[in-house]
Amino acid sequence: MDSKQAFMPAFIDSYFIALGVLIGGTLIGGLGAYLAGEPPLSTIYQLANRLKIWALVAAIGGTFDAFYSFERGIFEGETRNIVKQVLLIVSAMGGAQTGFLLITWLTQEHTSR
């Protein structure tokens, strides 16, 4: 999280960045699968499952900023930074999970055959 950005906009940004990374990545990957002659809906579902962690990493801005915030919170006694960073991670996880659920509903891959 950029220290100059207010918390609430960063919280909302984190959610929608994760959501956008997951949905955009899976849909573009599905287009590539279609062009390659692979089944696009199955590929979209598989990509959504694999991209969840990367959507989370992209939303929180990489790992070094998160570790720096945790370090400041632990060693300098700034617990507010730890709470903010945890909430940003939870927001990004929510965005990635929302994207995964949308892709699951779109592809209907979760239904038993």
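Conventions before we start. Residues are numbered from 1 along each chain as its sequence is written. Because the model is predicted, local features need pLDDT of at least 70 and side-chain atom pairs count only at pLDDT 80 or more, while totals for chains, interfaces and linings use all residues; side-chain values use heavy atoms, without hydrogens or water.

Now the fold. We have 4 helices and 0 strands, taken as DSSP runs numbered from the N terminus (H or I, at least four residues, for helices; E, at least two, for strands). The order is α-α-α-α.

Next, helix 2 and helix 4. Helix 2 covers residues 40-60. Its axis lies 9 Å from that of helix 4, at an angle of about 170°. Axes are lines fitted to C-alpha atoms, for helices over the stretch in contact, and angles run from 0 to 180 degrees between N-to-C directions. The two helices are therefore roughly antiparallel (over 145 degrees). Who makes the contact (heavy atoms within 4.5 Å)? From helix 2, the residues include Leu-41, Ile-44 and Tyr-45. From helix 4, they include Phe-100 and Ile-103.

Then helix 1, residues 7-35, against helix 4, residues 79-107. Their axes come within 8 Å and cross at roughly 30°. That makes the pair roughly parallel (under 35 degrees). By class, this contact has 17 nonpolar, 7 polar and 1 charged residues. Nonpolar here is Ala, Val, Leu, Ile, Met, Phe, Trp, Tyr, Cys and Pro; charged is Asp, Glu, Lys and Arg; the others, Gly among them, are polar.

Last, burial. Of 113 residues, 27% count as buried (under 20% relative accessible area, 1.4 Å probe, protein chains only).

Conventions
Parallel < 35°, antiparallel > 145°, perpendicular 65-115°, else oblique. Buried < 20%, exposed > 50% of the residue type's maximum accessible area, 1.4 Å probe, protein only. Contact = heavy atoms within 4.5 Å.
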